[in-house]
Amino acid sequence: MSKSSSSTVRKKRDDKDPVCGKHINRNKAHITIEYKGEQYLLCCPLCQAEFERDPEKYVS
Ligand SMILES: [Zn+2]
């Protein structure tokens, strides 16, 4: 039983945690945060907190 991924996925960034740089499986990400129309995957609460504290530092 596999959930088909979204049908209208635009070309997106790598599924990568911008904080720690780890590649993340979208289905296993701790959380997905949308920031300025882009989605960012965070692997853990620590990275989430770090990202939310200073998102500009991690988006480019
Ligand atoms: Zn991380």
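Two strands are said to pair if DSSP finds at least two bridges between them. Helices (H or I, at least four residues) and strands (E, at least two) are themselves DSSP runs, numbered from the N terminus. With those terms in place, I turn to the structure above.

Please bear in mind that this is a predicted model: local features need pLDDT of at least 70, side-chain atom pairs count only at pLDDT 80 or more, and totals for chains, interfaces and linings use all residues. Residues are numbered from 1 along each chain as its sequence is written.

Let me begin with confidence. The pLDDT, which is the predictor's confidence in each residue from 0 to 100, averages 86 over the protein chain, and 78% of the residues score at least 70. Confidence is highest in α1, at a mean of 98, and lowest in β2, at 93.

Next, the fold. The protein chain contains 2 strands and 1 helix, arranged along the sequence as β-β-α. Strand β1, residues 31-35, runs antiparallel to β2, and 5 bridges join them. In one of these pairings, Ile31 has Leu42 of β2 as its bridge partner. The hairpin of β1 and β2 has 2 residues between the strands, and Lys36 there takes a positive phi near 55 degrees.

I come now to the interior. A residue counts as buried if 20 or more other C-beta atoms lie within 10 Å of its own, as exposed if 12 or fewer do, and as partly exposed in between, with C-beta atoms placed from the backbone. By that criterion, 17% of the 60 residues of the protein chain are buried.

Which residues form the largest nonpolar core? A nonpolar core is a set of buried Ala, Val, Leu, Ile, Met, Phe, Trp, Tyr and Cys residues joined through C-beta atoms within 7 Å. The largest has 8 residues: Val19, Ile24, Tyr40, Leu41, Leu42, Cys43, Cys47 and Phe51. Two or more residues come from each of β2 (38-42) and α1 (45-53), and β2 gives the most, with 3 residues. In soluble globular proteins, nonpolar side chains tend to be buried together.

Contact here requires C-beta atoms, placed from the backbone, within 7 Å. Beyond its neighbours within four places in sequence, Val19 is in contact with Leu42, Cys47, Glu50, Phe51 and Tyr58.

Technical notes:
Contact = placed C-beta atoms within 7 Å.
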